[in-house]
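Let's take a walk through a protein model, one piece at a time. Have a look at the picture first, then read on.

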Amino acid sequence: MNVFTHPKTAERDARALAKAAGRAEKGEDGEGSVQVHLDPTMEIDGAKVFAIYGKGGIGKSTTSSNLSVAFSKIGKRVLQIGCDPKHDSTFTLTKSLIPTVIDILEEVDFHPEELRPEDFVFEGYNGVQCVEAGGPPAGTGCGGYVVGQTVKLLKEHHLLEDTDVVVFDVLGDVVCGGFASPLQHADQALIVTANDFDSIFAMNRIVAAIHAKAKNYNVRLGGVIANRSAKTDEIDRFNAAVGLERIAHFPDLDVVRRSRLKKSTLFEMGDHPEIKAIQDEYLQLAEQLWAGTDELKAEPMKDRDIFDFLGFD
C-alpha cells in the first residue's frame, strides 16, 4: 500500500494540515504559508546540522559527500541524509544506490517498530553513515513527510546520539514546504551555486525560503559555496549586494566528473596536486564550519530586481 494513502496516516495528516492552515492565517513561516511545524520531540540535539541547497544539477551531492568525508577526516562522526527521490546522494560514499527509508517502510507495511538500524543506515567511506530518505512517487505526496519519517526513525533508534555532524543533501532548488523541511532541523543552511544567472537566481529564492523558516526555527545562513566555476565574480558581486559570503570555491575540474563516474569521493582519487588542492579546500571548509561561521543577515532581492542586477544591456 502506498505510504501517502495508508489509512493509518490519513487521519494524522488531515489533523496536521488543519493545524497548518490555522497557522497560515497568522502569517507564520512566511506570509500565506501552510507549512506543518516540526514536532518538538523530533528536534536533532547534540549534533551540528547543515542543510545543503542549490539549483538542480549544481553539484550538491558531490559537495555534500565530500564535505561529509572532510568532517570525518577531522575526527567527527558524520551522518549524511539524502533528500531526493533519485536517492543518489550517498552513492559515492557507499558505491551503490542504497534502499530508501520509504522503500524499507513499505516492505514492513509501514510498521517502523519492525526495523533495525542496519535496514536503513549504511556505512560509507571513512565511516560516514548514510541514509537515503527517498521521496514520494511523482505527483502523490510531500517530501516533508519523508524527511520527518526519516528523522523520527533515527531518533527512535538513538542513532543521532552518537553523531557529531548531520548533513542534509536536499533536492534541487525546490523551496516548497516539503523540501524546505530540513531547514526545520538545521543549524545552518549552505547554498551551492555557480557563477551564472540561473544558479544565482535560484540562490536568491533559497535565501528567501531560509528567511521564512528562520522566523520559527533556529536555522541561519552559513554561507555560499561556489562550485563548477572558474571565476566567482558574479557570485561575489551578488553576495556583496545582499549580505552573503562565499566560504569555499571548487572550480570546474574534470577530476570531479571522473570521481562521480568512478563512484568515489574526491578523497579517493589520489594525491595529484590538482586533487590535493580540492581535498584541502574541503578540509578547510569542514574546519571552518565546525568552528562556527558568523550568521549572515542577507536580504534577498525581488525577482525583477535580481533580473536587472544580473542582466546585461
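How many bridges join S1 to S5? There are five, and S1 and S5 run parallel. Before going further, a word on the ground rules: this is a predicted model, where local features need pLDDT of at least 70, side-chain atom pairs count only at pLDDT 80 or more, and totals for chains, interfaces and linings use all residues. Residues are numbered from 1 along each chain as its sequence is written, and side-chain values use heavy atoms, with hydrogens and water left out.

Helices (H or I, at least four residues) and strands (E, at least two) are DSSP runs, numbered from the N terminus. Two strands pair if DSSP finds at least two bridges between them. On the S5 side, Lys 48 stands opposite Val 165. S1 is also joined to strand S6 (residues 188–193) by five bridges, and these two run parallel. Here Ala 51 stands opposite Ala 189 in S6.

Strand S1 covers residues 48–54, and six of its seven residues are buried, so the strand is largely enclosed by the rest of the structure. "Buried" means under 20% relative accessible area, "exposed" means over 50%, and "partly exposed" is in between (1.4 Å probe, protein chains only).

**Helix H2**

Next up is H2, residues 60–73. This helix has 14 residues and reaches 20 Å from its first C-alpha to its last, close to the 20 Å expected at 1.5 Å a residue. That expected span is 1.5 Å times one less than the number of residues. H2 is mostly covered, with 13 of its 14 residues buried. Just after H2, Gly 75 takes a positive phi of about 90°.

Most residues other than glycine have a negative phi. Where do they sit? Asn 126 is in the loop between strand S3 (122–123) and strand S4 (129–132), while His 158 is in the loop between helix H6 (143–156) and strand S5 (165–170).

The table puts some accessibility values side by side.

| Residue | Relative accessible area | Class |
|---|---|---|
| Asn 126 | 38% | partly exposed |
| His 158 | 47% | partly exposed |
| Ala 180 | 4% | buried |
| Cys 83 | 1% | buried |
| Cys 130 | 0% | buried |

Ala 180 lies in helix H7 (residues 177–180). Ala 180 and Ala 212 are 32 residues apart in sequence and 9.9 Å apart in space, C-alpha to C-alpha. As for the cysteines, the structure holds zero disulfides, a disulfide being a pair of cysteine sulfur atoms within 2.5 Å.

**The cavity**

How many cavities of 30 Å³ or more does a search of the whole structure find? It finds one. The largest cavity has a volume of about 40 Å³. On a 1 Å grid over the protein atoms alone, a cavity is a set of points where a 1.4 Å probe fits but cannot get out, and lining residues have an atom within 4 Å of a point. Grid points are joined across faces, edges and corners, and the volume is the space filled by probe spheres set on them.

Among the lining residues are Thr 62, Asn 227, Phe 250 and Tyr 282. By class, the lining has six nonpolar, two polar and no charged residues. Ala, Val, Leu, Ile, Met, Phe, Trp, Tyr, Cys and Pro count as nonpolar, Asp, Glu, Lys and Arg as charged, and the others, Gly among them, as polar.

How values were computed
On a 1 Å grid over the protein atoms alone, a cavity is a set of points where a 1.4 Å probe fits but cannot get out, and a pocket is an open set with protein on both sides within 12 Å along at least five of seven lines; lining residues have an atom within 4 Å of a point.
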